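Reader: Hi, I'm new to this. Can you walk me through a structure?

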Amino acid sequence: MLRALTLVLLLSAVAPVSAEAKTLSAQEVRDEMLNKTIVTRQFGMNVTMRYRPGGTVTAKALVGSVNGTWRAKGNKICSTFPKGPAKGTQCVSFRRTGPNQYVNSQGVAFRVVD
């Protein structure tokens, strides 16, 4: 039994990384997230975001909402907010972690709900 468990652990350690672990291209991000509701938890609160065509993004939380802009830069999406906890510009890449579930390059997990 111990030998079988050791073999499973060794094989999983050298197994190729699944397709879900790769960084999404900017086009994949657009296809999977544009005009959809994104739900995450940041700054100690639940946040709902929506990236829209034309380069606008909205973020809503219990304490209020803020509108900003976004643009693709290579395989990263750069979001700029004029105020709030995420004030300024941040550029992140995304990886799929499951069906409608993602994590960005800053370690923030989120899901797309529609």
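This is a predicted model: local features need pLDDT of at least 70, side-chain atom pairs count only at pLDDT 80 or more; totals for chains, interfaces and linings use all residues.

Reader: Helix first. Which residues of H2 are buried?

Author: H2 covers residues 26-33, and its buried residues are Ala 26, Val 29, Glu 32 and Met 33.

Reader: Where do they sit around the helix?

Author: Look down the axis of H2. The buried residues fall within an arc of 135°, so they line one face of the helix.

Reader: Why does that spacing work?

Author: An α-helix has 3.6 residues a turn, so residues three or four places apart point the same way.

Reader: What about Asn 35?

Author: Asn 35 follows H2. Its phi is positive, near 65°.

Reader: New topic. What is the volume of the largest pocket?

Author: About 540 Å³. It has 30 lining residues, and the closest to its centre are Gln 42, Met 49, Ala 59, Phe 81 and Ala 86.

Reader: Which strands supply the lining of that pocket?

Author: Strands S1 (38-42), S2 (45-52), S3 (56-61), S4 (64-73), S5 (76-81) and S6 (88-92) each supply at least two residues. S2 gives the most, with four residues.

Reader: And what classes of residue make up the pocket lining?

Author: The lining has 19 nonpolar residues, nine polar and two charged.

Reader: How many cavities are there of 30 Å³ or more?

Author: One, from a search of the whole structure. About 60 Å³ of space lies in that largest cavity.

Reader: Which residues line the cavity?

Author: Val 29, Arg 30, Met 33, Leu 34, Tyr 51, Trp 70, Ile 77 and Phe 94. H2 brings the largest share, three residues. Val 29 and Met 33 also belong to the buried set of H2.

Reader: What are the classes there?

Author: Seven nonpolar, no polar and one charged.

Reader: Okay, salt bridges. How many?

Author: The count comes to three.

Reader: Start with Lys 22. What is its partner?

Author: Glu 28. The closest N and O atoms of Lys 22 and Glu 28 are 3.0 Å apart.

Reader: How exposed are Lys 22 and Glu 28?

Author: Lys 22 is partly exposed, at 39% relative accessible area. Glu 28 is partly exposed too, at 23%.

Reader: Which residue pairs with Glu 32?

Author: Arg 96. The closest N and O atoms of that pair are 2.3 Å apart. The pair links distant parts of the chain, with Glu 32 in helix H2 and Arg 96 in strand S7 (residues 94-98), 64 residues apart.

Reader: Is Glu 32 buried or exposed? And what about Arg 96?

Author: Glu 32 is buried, with a relative accessible area of 18%. Arg 96 is buried as well, at 19%. The cut-off for buried is under 20%.

Reader: Which residues make the salt bridge with an N to O distance of 3.3 Å?

Author: Asp 114 and Arg 50, whose side chains meet there. This pair also links distant parts of the chain. Asp 114 is in the segment after strand S9 (109-112), Arg 50 is in strand S2, and they are 64 residues apart.

Reader: Is Arg 50 buried or exposed?

Author: Buried, at 18% relative accessibility.

Methods: Residues are numbered from 1 along each chain as its sequence is written. Side-chain values use heavy atoms; hydrogens and water are left out. Buried means under 20% relative accessible area, exposed over 50%, partly exposed in between (1.4 Å probe, protein chains only). The arc is that of the directions from the helix axis to the C-beta atoms. On a 1 Å grid over the protein atoms alone, a cavity is a set of points where a 1.4 Å probe fits but cannot get out, and a pocket is an open set with protein on both sides within 12 Å along at least five of seven lines; lining residues have an atom within 4 Å of a point. Grid points are joined across faces, edges and corners, and a volume is the space filled by probe spheres set on the points. Ala, Val, Leu, Ile, Met, Phe, Trp, Tyr, Cys and Pro count as nonpolar, Asp, Glu, Lys and Arg as charged, and the others, Gly among them, as polar. A salt bridge is a side-chain nitrogen of Lys or Arg within 4 Å of a carboxyl oxygen of Asp or Glu.
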